[in-house]
Amino acid sequence: MPLRRFHFRVLISVCLMLALLGNVPAGSVAQNKPQTLYEAEAYLLYLFAMYTDWPREAFPDEKAPFVFGIIGKDPFGKDIDIIKGKTVRGRTLVVKYFARIQDVQNCHILFVSPSEKDHAVDIIKSLEKATTLTISEIEGFTDQDGMINIFVEKTRAGFGNLKYDINQRAAEKAKLRINSYVLAKAGRN
Amino acid sequence: MIRFHNLSIKSKITAIVMLTSCAALLAACAVFVSYELMTFRATMVRQLSLLAEITGKNCAVPVSFDQPADADPTLANLSIEKEILAAGIYRDGKIWAKYPKGLPDNAFPSAPPAGDASFRDKKLSLTRQILDPDNKPIGVIYIQSSLNEMHSRLRHYVGTVAIVIVVAAVVALLIATRLQGVISQPLLELSSTARGVSEKKDYSVRARKHGDDEVGALIESFNEMLAQIQKRDTELQEARVTAERANQAKSNFLSFMSHELRTPLTAIIGFSEMLMSEIETQGRPEWVDDLRRVHDSGKYLLELINDILDISKIEAGKMDVHLETFDIPALVRDVKDVMRPLVERKNNQLVIECPEDLGAMQADRIKVRQCLLNLLSNASKFTDNGTVRLEVRRKVNLESSNSAGKSQPSSISFVVSDTGIGMTAEQVAKLFRAFTQADDSTSRRYGGTGLGLALTRKFCQMMGGDVTVTSEAGKGSTFTIELPIKATQQGGTITLTPAEAAPAPRASSGCILIIDDDPAVHQLLADALGPQGYTLKFAVSGAEGLRLAKELRPAVITLDVLMPDIDGWVVLSLLKADPDLATIPVIMLTVRADQDFGFAMGVADYLQKPIDRDRLIAVLKKYHRLRPTNHVLVVEDDPAAREMLCRMLGNKDWTIAEAENGLAALESITHCQPSLIILDLRMPVMDGFEMIAELHKHEDWRKIPVVVVSAKELTPEDRLRLQGHVQKILQKGDFARDELMREVQQTVKLFLSDGDSPQI
């Protein structure tokens, strides 16, 4: 299956070194180190936003914000604050919550909540023409033409290890160019 | 070390060029090298920061994703740059990734160093921030590079600069050595020209001009200066030549006048004198007075002429002082002999006080004599029936002899006093002025030119002394001449040293040596021979006789046989054994008659005691006459003077030949070589100087003694020309006729009486 070829297995080890957090100098990258699993996941999503190129037409104007949408039941809660107020390529990151797929508009990253497991195909389909990077924890999301599937390596201790698969073809179809390093890191192993 | 200022201009220019070029080159090289180093450092920093940025960028994603293992391959790529010693990425302020991998953490600064780039510890360290796509710093990359390349490049530069400077210095030296000539050559030429000018005094040379620069201007002004000097020199030369010519004309006139005036006068005086004695013997006394008037007038005229010539010579600056060392008592005796008849003629008594041991003085003998004669004749002139006194004293200069060690030679004072008419103070005041006498009436009564005292004063002053006078009218006058014992050398002074006279050709003293132990015999011979005009010397023993014979080289020796120390025969054999003395005729005087033995021993003649006076004289005359060809050649153009000289000499035992000029004389010499030549200097056809030169060319003739008897005033140049060629110079003007004749006779006798005479 040609689609499968584009399924990358990503392994990301997010080491949360809480003990050293207080000593980080000002201005450094990870001012707010993720401390919970969803903080780590939020930060990973932020890195995806950072290392993916959106086409020009994805933004109506220069000052348009970067929209980070969440559809379905919000799994982040307060943990999303870790990326609130950050900028992506000079654009303010804005978190938006959607209940229905019809509400989703001008969204650059759409996190499909596990609660929408059954509607994932519809959601992906409705975004066929949009330049939206679709990301979900739902098992087999990339097989349903979702773009990035995040999953937790259960074997690891602590908060676990976040890994992801990427359906590059789907991303390219949406005119999104994902950083080659990010692509290379995709995969379950 | 040679000081720079003393270097030649060539070296100076070369040194300056070298110094300048080397300094400029050094400065340029220093600037170049430091610029190169700066550029190199900047390039290094730029390259390293580029590398850091690229590496940082390549590591940005792994940093973002906190995957140090993913940064390592990127960092490992730095190995292509050999200079990079270490590199590291800081994340969250801590070392996060390292290159090379094995390096311990403490090899890196614990925190990323602040600042951009730093050259420290021979290393270049540099930090760059790693940015995420949102340009937010997510980490810091630190790279450390060694400066080996820069240092090797610096060494390379220094080496290159050294080589460049050496090569440039050599090239500069070559060029400077060649090109310095452009500046130095004109200067050196100018300098050598200037030196040449000052050394050779040749102001006609000009320095060569090379260009129109400052040196050219200098050369131009130098040349102009030379031209001015040359012009002035030429003018001076011309002026000097003119002045010299005028001066020469003056001296020539003086010389001519002295000769032309004196020569006839000498004849007048001479012949009148001869006539007088002739007439006296012929018994015509009534003519004697007339002749005496002629004679006296002639003499007076001669004196007058001499005085006037002397005065004009002094005024023309032509009077020279001829210094010689002479015996003072001898001079005084000479003066006494001359003055006595004159003084006694006026019934005056001449008193001479002169210690015999007064010794010698250095002065112009002729002038001293003339001064004394002037004063004495003056004294005699104004004194009747009185005393004329001459005192000669050595005066020690007390002041000088007191001063430390260096005793100033004392002076000699000649004091001439009389008991005559004396003078008033007024008369004394104008006494020494030329052409002025005490008053007009004096000259009317006593005659005279009044030049004598003026001349005396001048002469004394020329010899470094003076003449003073004290007088009281009616009681007499005292004139005092004071002369230094050694006359000071002054302008126009010529010192006659003994070396200047021609060496007397082994001349015999012409005397007769008497060797006898008996003083009575000495007295007897002195009485017998003295009046005959012989000079006698006495020895009281054989030893003394031999010594005197060697010393005096007598004309004849009389020898006693019986003497206490060495017997006469022994003395005779010793005399004959000495080649210098063997030819001297020896006349034996003895009481014993062993003639044969005597002749066998080489005795010339033999006289038996008691001595017969007439026989002795006859024998002595025989040996004087027996001298080989006593032939005298008189060279004189004036017939009267020649005649007079011949006649006077004819009285004696010499054969006389005459010649009216040098050429005729040389002719005569080729026929018969004379033993002595009496020579006038001023003659037509060939004068005396030329003739002496001719004589000198002949080996044989060179030895003939020459006595110059001339009325010509001798200039110093004349004296130089005669020096070494003539035995004696007698000047007609300086002597009265009888004195001159006596001098001539004595001189002739001196040169002819020696057995080894120069005709050999």
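# Briefing: a predicted two-chain model

A:G77 is partly exposed, with a relative accessible area of 35%; buried means under 20% relative accessible area, exposed over 50%, and partly exposed in between, using a 1.4 Å probe and protein chains only. This is a predicted model, in which local features need pLDDT of at least 70 and side-chain atom pairs count only at pLDDT 80 or more, while totals for chains, interfaces and linings use all residues. Residues are numbered from 1 along each chain as its sequence is written, chains are lettered from A and ligands numbered from 1 in the order in which they are written, and side-chain values use heavy atoms, with hydrogens and water left out.

**Chain A**

- Chain A has five helices and nine strands. Helices (H or I, at least four residues) and strands (E, at least two) are DSSP runs, numbered from the N terminus.
- Read from the N terminus, the order of the elements in chain A is α-α-β-β-β-β-β-α-β-β-β-α-β-α.
- Of the 189 residues in chain A, 51% are buried.
- Among the contacts in chain A with a separation of 6 or more, 66% are between residues 24 or more positions apart. Contact means heavy atoms within 4.5 Å.
- A:G77 sits in the loop between β2 (66–71) and β3 (87–88) of chain A. Along the chain A:G77 and A:Y38 are 39 residues apart, and their C-alpha atoms are separated by 8.6 Å.

**Salt bridges**

- Over all chains, the whole structure holds 29 salt bridges. A salt bridge is a side-chain nitrogen of Lys or Arg within 4 Å of a carboxyl oxygen of Asp or Glu.
- In chain A, A:R100 and A:D103 form a salt bridge, with 3.7 Å between the closest N and O atoms. A:D103 has a relative accessible area of 35%, so this residue is partly exposed.
- In chain B, B:K209 pairs with B:E220 in a salt bridge whose closest N and O atoms are 2.4 Å apart. This pair links distant parts of the chain, eleven residues apart: B:K209 is in the loop between α3 (148–200) and α4 (214–282) of chain B, and B:E220 is in helix α4 of chain B. B:K209 is partly exposed at 35% relative accessible area, and B:E220 is partly exposed at 42%.
- B:D384 and B:K346 form a salt bridge with their closest N and O atoms 3.6 Å apart. The two residues are 38 residues apart and link distant parts of the chain, with B:D384 in the loop between α7 (365–381) and β9 (387–395) of chain B and B:K346 in the loop between α6 (328–345) and β7 (349–353) of chain B. B:D384 counts as partly exposed at 47% relative accessibility, as does B:K346 at 27%.
- A:D53, A:R89 and A:R177 are joined into one network by salt bridges that share partners.

**Helix packing in chain B**

- Two packed helices are described by the angle between their axes and the distance between the axes. Axes are lines fitted to C-alpha atoms, for helices over the stretch in contact, and angles run from 0 to 180 degrees between N-to-C directions.
- Helix α5 (residues 285–315) of chain B and helix α11 (residues 451–462) of chain B have axes that come within 10 Å and cross at roughly 40°. α5(B) and α11(B) are therefore oblique to each other. Angles under 35 degrees count as roughly parallel, over 145 as roughly antiparallel, 65 to 115 as roughly perpendicular and the rest as oblique.
- α5(B) and α11(B) cross in a left-handed way. A crossing is left-handed if the near helix is turned anticlockwise from the far one by less than a right angle, and right-handed if clockwise.
- α5(B) contributes B:D307, B:I308, B:D310, B:I311 and B:I314 to the contact, and α11(B) contributes B:L451, B:G452, B:A454, B:L455, B:K458 and B:F459. The contact residues of α5(B) and α11(B) comprise seven nonpolar, one polar and three charged. Ala, Val, Leu, Ile, Met, Phe, Trp, Tyr, Cys and Pro count as nonpolar, Asp, Glu, Lys and Arg as charged, and the others, Gly among them, as polar.
- Helix α18 (residues 662–671) of chain B packs with helix α19 (residues 688–697) of chain B at an angle of about 30°, their axes 9 Å apart. α18(B) and α19(B) are therefore roughly parallel to each other.
- The crossing of α18(B) and α19(B) is right-handed. B:G662, B:A665, B:L666 and B:I669 of α18(B) make the contact with B:M691, B:E694 and B:L695 of α19(B).

- B:T55 is in helix α1 (residues 9–64) of chain B and counts as buried at 5% relative accessibility. Leaving out residues up to four places away in sequence, B:T55 touches B:T74, B:L75, B:L78 and B:I141.
- B:S573 belongs to helix α14 (residues 568–577) of chain B and counts as partly exposed at 32% relative accessibility. B:S573 and B:V603 are 30 residues apart in sequence and 9.8 Å apart in space, C-alpha to C-alpha.
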